Amino acid sequence: MATDLNQQVAGIKEDYKFGFHDSDANYAFKSGRGLSKAVVEEISEIKNEPTWMREFRLKALDTFQKKPTPRWGGDLSTLDYDQIRYFMRATDRQGRSWDDVPAEIKNTFDKIGIPQAERKFLAGVGAQYDSEVVYHSLREDLAKKGVIFCDTDTALREHPDLVREYIGTIIPIADNKFAALNSAVWSGGSFVYVPAGVSVDVPLQAYFRINAESMGQFERTLIILEEGAHAHYVEGCTAPTYSSESLHSAVVEVIVKKGARFRYTTIQNWANNVYNLVTKRAVAHEDAIMEWVDGNLGSKLTMKYPAVHMVGKGARGEILSIAFAAAGQHQDTGGKVVHAAPHTSSRIISKSISKNGGRSSFRGLLKVTDGAKDARSNVVCDALILDPASRSDTYPYIEIDEDDVKIGHEASVSKIGEEQLFYLMSRGLSEVEASALIVGGFIEPLVKELPMEYAVEMNKLIQLQMEGSVG
Amino acid sequence: MSMSKVLRIENLRVAVAGKEILRGVDLTVKQGEVHALMGPNGSGKSTLSYALMGHPNYEVTGGKATIDGVDVLELEPNERAKAGLFLAFQYPTSIPGVTVANFLRHAVSNVRNPDRKEGEELIPMRDFRKEIRAEMDELGMDQQFARRYLNEGFSGGEKKRAEILQLAVLRPAFAILDETDSGLDIDAVRIVSEGVNRVAAKHSTGILVITHYERILTYIKPQFVHILYGGQFVEHGGPELVQRLEAEGYDWVRAKHPEAARHEDELEAADTRAQGASA
């Protein structure tokens, strides 16, 4: 898998690979810049939403406007809410097959390689192009079993009761400023529903992409696994490079019911001017297993801490996080686990790499509530710093209100060792190649958890980040 | 191997942290020859090997070391490897997450194709896999070994065997074995030595064995023996030198070379101070 980085990246340019963009003059609808009640109402109107959703949005807007911008984490002082376009739709139709998708948009996806990926072993592809999903498919036998995989707007039209029952229950409107913002202007995102006892044995996949300049992307993802269900959802995110700044603020809510198992894998590679402020939270019921695999490259600032709340006895939560901070980037990432029931167990493993003045911060919360007896948790965060200009910090928060617990916490910060470089170079590897190999090895334990094509992509991206970084 | 190469070290001076360790050494090794380099702790043996391979902490203050006329001291360590130089480390570094196979494929791709540009294709996986399987068999290594992370959690014997595996697939013109026998039991010394002999016979490798002990030299038989003392070569000879050191120790060397003995004492004192400071 990590076997030949170089072969995989042969021919990739040093520039941001996905920095191409389509003209947005042909957009079907574009909201003005900035946010107001009128904009929110217009979004709801265009989508022809039920009244309760319009009210949900308006309440959220009110909350957003009242809440102050967070002062912790990264620097948000240059984020100008008035310069953002909160809604834009590239096409009025939603394609069912690849042929129905407009040529310009298809061109973009071709560059990323979505149809090829689908042809392989993907259960369904939901590709989000700006605010609305333009293309969607799901393997027929899964649909027959009652599995729903569609964009959240479609879900609101076709399965309104399910959406209404669960939306905002895991991450309430008032959870934080950006969750409120998302609740006010959300558009698209994935909706996954897996009925009791159904196993989806191939990954469900979505690909998100911000295209238009100063375009906010506020997808809303809602995932429900009924008792004993199994599924794996995978998303990749890529945005073209623009000079002005974009905001990506998603909300992802996951409900994993008794005995169910779910894994959510994200590889994000936003352009270097994107604020990536995402709230992800899962609730794991009795004997349920929830796993977040979270890879963050690119962006100007990422603040993202996938969370698992273990509310049923025997539940398990696992968070694997990889962050790569290059020049001008701050990755403030980590994970949160809350043990709210007995015999629950969790693990957070975080690996970060900082180079060329990049900054990575690990922020983790481990909480055990009173009565969550025999809770077990292990938190490991390892940071690799490639040069003296780069930085890494660790902010672990631990709140334990129960005596009967087993907790482990380890943190390490290392620099690429002179001895390691010398050893590899003495065997014929150039300094860059040696560094890339060391970095690849550092993240290997996490990369091997990824589905094959994502592992390849991850290695490509890391290699790309490494080129020309040393010497 | 087409043309026979020559490694020529001339008046080499090396300092570490501003302190001169090697004070002008000369040595010529031809392909196919086996040389042994002996000397007490701190005499400069490892300094010579690290300086030749290009470790950044070893500062060359004078002299040169050429392979077929090209001064390798001017080259980066990876370029030295491509020029045909190999160092079997006394303490190989571990590289977590990087498998032996992946690492070796990168190494072989560079060393066998010296003109390869960064990011260009690696040697074909199929041929490479076949090759390292065969070499691991020869060294009595389990095939699983290729999938382990490089030197991570390896026993002393496994580390040394891994070094010889690298020697076998990289096929250098010259190999320096830096105390390859240290920390090995007698069976492991034999297995590793047989591996070295097999590679040397096949590729006509010029070998420089650095050691404290006679033991490894009963398996890898040197034609030339050199004694390094106080940062200089003080005696050159054949296998009989090994016997004499084994029987008499270094007292006669001290007596015969008083100036070198003075330097040796200085180096040893500095060494002791450094250890005291770090303890």
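This briefing covers the overall build of chain B and selected sites in chains A and B. The model is predicted. Chain B has 279 residues and a radius of gyration of 19 Å, which agrees with the value near 19 Å for a compact globule of that length. Its secondary structure comprises 9 helices and 10 strands. In chain A, helix H10 is mostly covered, and its buried residues pack against elements of chain A and chain B.

**Chain B as a whole**

- Along the principal axes, the C-alpha atoms of chain B occupy a box of roughly 60 × 45 × 40 Å.
- Of the 279 residues in chain B, 54% are buried.
- When contacts in chain B between residues at least 6 apart in sequence are considered, 70% of them link residues at least 24 apart.
- Chain B has an accessible surface of about 12200 Å², and carbon and sulfur atoms account for 48% of that surface.

**His35(B), a buried histidine in a strand**

- His35(B) belongs to strand S3 of chain B, which spans residues 34-38.
- The relative accessibility of His35(B) is 3%, so this residue counts as buried, the cut-off being under 20%.
- The side chains of His35(B) and His226(B) are joined by a polar contact of 2.9 Å.
- Beyond the neighbours within four places in sequence, the contacts of His35(B) include Leu27(B), Thr28(B) and Val29(B). Further along the chain, Ile207(B), Leu208(B), Val209(B), Pro222(B), Phe224(B) and His226(B) are also in contact with His35(B).
- Leu217(B) is 182 residues from His35(B) in sequence, while their C-alpha atoms are 9.9 Å apart in space.

**Helix H10 of chain A**

- The buried residues of H10(A) are Gln420(A), Leu421(A), Phe422(A), Tyr423(A), Leu424(A) and Met425(A).
- Within chain A, the buried residues of H10(A) pack against helix H11 (431-447).
- In chain B, the buried residues of H10(A) pack against helix H1 (45-53), helix H2 (77-82), helix H3 (100-112) and helix H5 (156-170).

**Asp332(A), a buried acidic residue**

- Asp332(A) sits in strand S18 of chain A, residues 330-339.
- With a relative accessible area of 0%, Asp332(A) is buried.
- A polar contact of 2.7 Å links the side chain of Asp332(A) to the side chain of Arg363(A).
- Leaving out neighbours within four places in sequence, Asp332(A) is in contact with Gly73(A) and Gly74(A), with Thr302(A), Met303(A), Lys304(A) and Tyr305(A), and with Ser361(A) and Arg363(A).

**Positive phi values in chain B**

- Asn11(B), a residue other than glycine, has a positive phi near 45 degrees.
- Asn11(B) lies in strand S1 of chain B, residues 6-16, and is partly exposed at 42% relative accessibility.
- Ala17(B), also a residue other than glycine, has a positive phi near 50 degrees.
- Ala17(B) is located in the loop between S1 and strand S2 (19-30) of chain B, and is exposed with a relative accessible area of 80%.
- As background, most residues other than glycine have a negative phi.

Terms used
Residues numbered from 1 in each chain as written. Chains lettered and ligands numbered in written order. Heavy atoms only, no water. Helix = DSSP H or I, 4+ residues; strand = E, 2+ residues; numbered from the N terminus. Rg over C-alpha atoms; globule rule 2.2 N^0.38 Å. Buried < 20%, exposed > 50% of the residue type's maximum accessible area, 1.4 Å probe, protein only. Contact = heavy atoms within 4.5 Å. Areas by Shrake-Rupley, 256 points an atom, 1.4 Å probe, with all protein chains shown as cover. Polar contact = N/O pair within 3.5 Å; in protein donor to acceptor, adjacent residues only side chain to side chain.
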